[in-house]
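Dear colleague,

Please find below the sequence and structure that I am handing over to you.

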Amino acid sequence: MIDPIPLMEKLARDHRLELHEYEALLGNRTPESKEYLRRLAEETRIAVYGRDVYIRGLIETTNICKNDCYYCGIRRSNAGCSRYRLTRSDILEAAGEGYTLGFRTFVLQGGEDGWFTDERTTALIRELKRRHPDCAVTLSLGERSYESYRALREAGADRYLLRHETADEEHYAKLHPAELTLQNRMECLRNLKELGYQVGCGFMVGSPYQEVRHLAKDLKYIEEFSPAMCGIGPFITHKATPFAAFPSGSFEDTIYLLSILRLIKPTLLLPATTALGTIHPKGREMGILAGANVVMPNLSPLSVRKKYELYEGKIATGEESAQSVRLLAERMESIGYKVVTARGDAKQSI
């Protein structure tokens, strides 16, 4: 077994490793080295962002999607999915409630729903910005054309989240139907960066057919692409998908990878995701302690939260609801961190 600690120290110093070194780091772990990595990541996170935890108000705009990704519960082939689409007034009302609660970033996330044309979406962004000029607008609306991304950016969108899911072409093809390609996904990410968005990519941990070499390629891609944000979370099965019989991803693997990502790019905006909180009762707290600095409570109307079911068992009420942001703040305070009212932009440098 290779001692991973020298690799961890090299990564903390240089913020890069060779592909084979990432594989060695992923494949050689002991309880002691995992804790050493976590401490390195937490120290790095505190050096850059202090103990601040940025909150994002997540508004799930629609669960209608033209795509048929094999892992996703809102895939178009899922006839059992109860579909919905929020109205413009629903979205603006949710954002207004969030603003009162202290949110200064709104994340509009949805399936690839053709109703949300550039005209409708740009008008919505402009109105959000008019009502809340001190807030950031993050979009997570899937693959669109360069011209579409440019129109949304010019309307005032600040950030865009588009998880690449896997940086390996063969693996990508096992997770998606033929009409979706890794080449197009990567081109979208390059376009977003060129247009001046704060761009976020990311991947599932433990997705079907995933191997250590795939994860190493993900880490190398993130190192080289240098996104402002990176969202990772464990793959969680959904009964209405072709992957229903596959096991869910590992909580421990996800935590370990969060720490590696913090060392790759110390300024990353790195969420402790809802999926992490779904598979472990203290998932988000442990994510923060491993180097994450963002949490995304749900601002969507209660009536639709259960319907945006990308995977089964998703947290949809209680402390996940933005109305309970005070409880979330208390949970962060219990581990020595504090929720802050801020846009929470990515730092430009260490």
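This is a predicted model: local features need pLDDT of at least 70, side-chain atom pairs count only at pLDDT 80 or more; totals for chains, interfaces and linings use all residues.

Packing

In soluble globular proteins, nonpolar side chains tend to be buried together. Here the largest nonpolar core holds 90 residues, and those with the most contacts inside it are Leu139, Tyr197, Leu257, Ile260 and Leu261. Helix α10 (residues 251-264) gives this core its largest share, nine residues. Apart from the core, there is a second, separate one of 13 residues, which includes Val107, Leu269, Val294 and Ala346.

If its neighbours within four places in sequence are left aside, Leu139 is in contact with Leu108, Ile125, Leu152, Ala157, Arg159, Tyr160 and Leu161.

Helix α2 (residues 19-27) has as its buried residues Glu21, Tyr22, Ala24, Leu25 and Leu26. These buried residues of α2 pack against α1 (5-14), α9 and α10.

Aromatic rings and charges

A pair of aromatic rings is described by the distance of the centres and the angle of the planes. Searching the whole structure gives nine aromatic pairs. In one of them, the ring centres of Tyr149 and Tyr160 are 5.0 Å apart with the planes at 75°, so the pair is edge-to-face. Tyr149 belongs to helix α6 (residues 146-155) and Tyr160 to strand β5 (residues 159-161); the two are eleven residues apart, and the pair links distant parts of the chain. Tyr149 is buried, with a relative accessible area of 0%, and Tyr160 likewise counts as buried at 0% relative accessibility.

A further pair is formed by Tyr209 and Phe246, whose ring centres lie 5.3 Å apart with the planes at 65°, so this pair is also edge-to-face. Tyr209 is in the loop between β7 (204-205) and α9 (212-225), and Phe246 is in the loop between β9 (233-234) and α10, so the pair ties together parts that are 37 residues apart in sequence. Tyr209 counts as partly exposed at 41% relative accessibility, and Phe246 counts as partly exposed at 26%. Both rings belong to one aromatic cluster, made up of Tyr70, Tyr209, Phe243 and Phe246.

Two arginine residues are placed over tyrosine rings. The charged end of Arg51 sits over the ring of Tyr337, 5.0 Å from the ring centre. Arg104 lies over the face of Tyr99, and here the distance to the ring centre is 3.6 Å.

Rolling a probe the size of a water molecule over the atoms shows where empty space is left. Four cavities of 30 Å³ or more are found in a search of the whole structure. The second largest cavity has a volume of about 80 Å³. Its lining consists of Arg56, Thr105, Val107, Thr138, Arg159, Leu161, Met229, Leu269, Leu270, Pro271, Val294 and Met296. At least two residues of this lining come from each of β3 (105-110) and β5.

The largest pocket has a volume of about 260 Å³. Lining this pocket are Pro31, Lys34, Glu35, Leu37, Arg38, Phe251, Glu252, Ile255, Tyr256, Ser259, Met286 and Leu289. Two or more of the lining residues come from each of α3 (31-49), α10 and α12 (283-289).

Single residues

Where does Ala272 lie? Ala272 is in the loop between α10 and α11 (274-279), and it counts as buried at 3% relative accessibility. Its C-alpha atom is separated by 6.1 Å from that of Val294, 22 residues apart along the chain. With neighbours within four places in sequence left aside, Ala272 is in contact with Arg284, Gly287, Ile288, Ala292, Val294 and Val295.

Gly73 lies in the loop between β2 (57-62) and α4 (88-101) and counts as buried at 2% relative accessibility. Gly73 and Ala240 are 167 residues apart along the chain, whereas their C-alpha atoms are separated by 6.3 Å.

Glu187, in helix α8 (residues 182-194), is partly exposed, with a relative accessible area of 38%. Glu187 and Arg83 are 104 residues apart in sequence, and 30 Å apart in space from C-alpha to C-alpha.

With kind regards

Notes:
Residues are numbered from 1 along each chain as its sequence is written. Side-chain values use heavy atoms; hydrogens and water are left out. A nonpolar core is a set of buried Ala, Val, Leu, Ile, Met, Phe, Trp, Tyr and Cys residues joined through side-chain atoms within 4.5 Å. Buried means under 20% relative accessible area, exposed over 50%, partly exposed in between (1.4 Å probe, protein chains only). Helices (H or I, at least four residues) and strands (E, at least two) are DSSP runs, numbered from the N terminus. Contact means heavy atoms within 4.5 Å. Rings of Phe, Tyr and Trp (its six-membered ring) pair if their centres lie within 6.5 Å; planes under 30 degrees apart count as stacked, over 60 as edge-to-face and the rest as tilted. A charge sits over a ring if NZ of Lys or CZ of Arg is within 6 Å of the ring centre and within 35 degrees of the ring normal. On a 1 Å grid over the protein atoms alone, a cavity is a set of points where a 1.4 Å probe fits but cannot get out, and a pocket is an open set with protein on both sides within 12 Å along at least five of seven lines; lining residues have an atom within 4 Å of a point. Grid points are joined across faces, edges and corners, and a volume is the space filled by probe spheres set on the points.
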